[in-house]
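Visitor: I am new to this structure. Please show it to me, and then let me ask about it.

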Amino acid sequence: MLKLKTFLFLCILLYSCRVTFCNEINSNLLPDKDVCGKQDEQQRIYGGTEASIGEFPWLALLESNENGFICGGVLINNRYVLTAAHCIDDTIVSVRLGEHDLGAEEDCEGDTPGLGYCSDNPVDVEVEERIMHKLYDPNNEQNVHDDIALIRLKKEIAYTNFIKPICLPLSSELKHATFTGEKVSVAGWGKVENGEPSDIKLKVEVPIVSNEDCVKYFIESGIEITKTQICAGGEKGKDSCEGDSGGPLMYRDTTADEENWVCVGVVSYGIGRCGSEHQPGVYTRVAEYLPWIFDTIKP
């Protein structure tokens, strides 16, 4: 009888640990907060929408062997990139990390020869495995849910000033936060005002819209917004766009003694013209998929 009680107690403890994401579960596979979500302290940020060299060093580009770079992603540890499920197919063969300007052979800031701030060359890594969430339905164009995926790289990535992982929302506060009204950031190489993709890494700040308000913007289109999604944007001329898909929605967490960037969403979709007023974009809410991420990643 005592053995049975002990067994039942252990089962309850294990179940509770899984539900609350105990630190022991796969904690060794994700970087600590002193590593993730950190940027070089000597960032040169010039304002506007152009990101600086080395800013958001976790950004990734997914490369198709048929269409070149088609989506974004975000590095979460030295072996995995988080992205959108709708970006994934058999043509995705590699991931580029540490990129800034796709049109330049060397990325540098400053006009004085020899005195500019230059980044390392970007790194292209072959894909070992593409893992879409099992509930994602590519044929359901009306309601795009569970739009999240992981890419396992063929080799471990060495972290540098220009290639670093982002944090995931692991703390209790971040897991349960709605972020309504908070300013968050989106960055990537997606389409800009002229309809062409940008060669240079761009960034924009957008406000989080509550799910209750977001539903109102999509209800006429028959689109269902659920708790597994997060909405952001709705300000004229500020938005993610085609080509940014799979990239991160990033929150700057300053609740601890240190500042860390956290991936709270993954770019999923929008309706109408990018950057339309009162039309937020829809992102996959990462906190809702932490159990799936923990269950999927491996050494």
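Visitor: Is Lys 38 buried or exposed?
Guide: This is a predicted model, where local features need pLDDT of at least 70, side-chain atom pairs count only at pLDDT 80 or more, and totals for chains, interfaces and linings use all residues. Residues are numbered from 1 along each chain as its sequence is written, and side-chain values use heavy atoms, with hydrogens and water left out. Buried means under 20% relative accessible area, exposed over 50%, and partly exposed in between (1.4 Å probe, protein chains only). Lys 38 has 18% relative accessibility, so the residue counts as buried.

Visitor: Which residue forms a salt bridge with Lys 38?
Guide: A salt bridge is a side-chain nitrogen of Lys or Arg within 4 Å of a carboxyl oxygen of Asp or Glu. Here the closest N and O atoms are 3.2 Å apart.

Visitor: Which residue forms a salt bridge with Glu 126?
Guide: Glu 126 lies in strand 7 (residues 123-132), and its partner is in the loop between strand 8 (149-153) and helix 2 (172-176). The closest N and O atoms are 3.3 Å apart, and the partner is Lys 154.

Visitor: How far apart are the closest N and O atoms of Arg 252 and Glu 259?
Guide: Arg 252 is partly exposed, with a relative accessible area of 42%. Glu 259 is partly exposed too, at 38%. They form a salt bridge, and the closest N and O atoms are apart by 3.8 Å.

Visitor: How many salt bridges does the structure hold?
Guide: Side chains of opposite charge can pair when their charged atoms come close. Arg 79, Glu 128 and Arg 152 are linked in a network of such bridges. For the structure, the count is eleven.

Visitor: In what order do the six strands close into a barrel?
Guide: Two strands pair if DSSP finds at least two bridges between them. Strand 1 and strand 4 (residues 92-97) run antiparallel, joined by five bridges. One partner pair there is Ser 64 with Ile 92 in strand 4. The barrel's pairing is antiparallel, and the order is 1-2-3-8-7-4.

Visitor: What is the average pLDDT of the protein?
Guide: pLDDT is the predictor's confidence in each residue, from 0 to 100. It is below 50 over residues 1-26 and under 50 over residues 41-48. Where pLDDT is low, the predicted coordinates should not be read in detail. In the protein, 79% of the residues score at least 70, and the average is 84.

Visitor: How many helices and strands are there, and what share of the residues is buried?
Guide: The protein has four helices and 14 strands. It has 299 residues, and the share that counts as buried is 50%.

Definitions and conventions:
Helices (H or I, at least four residues) and strands (E, at least two) are DSSP runs, numbered from the N terminus. Contact means heavy atoms within 4.5 Å.
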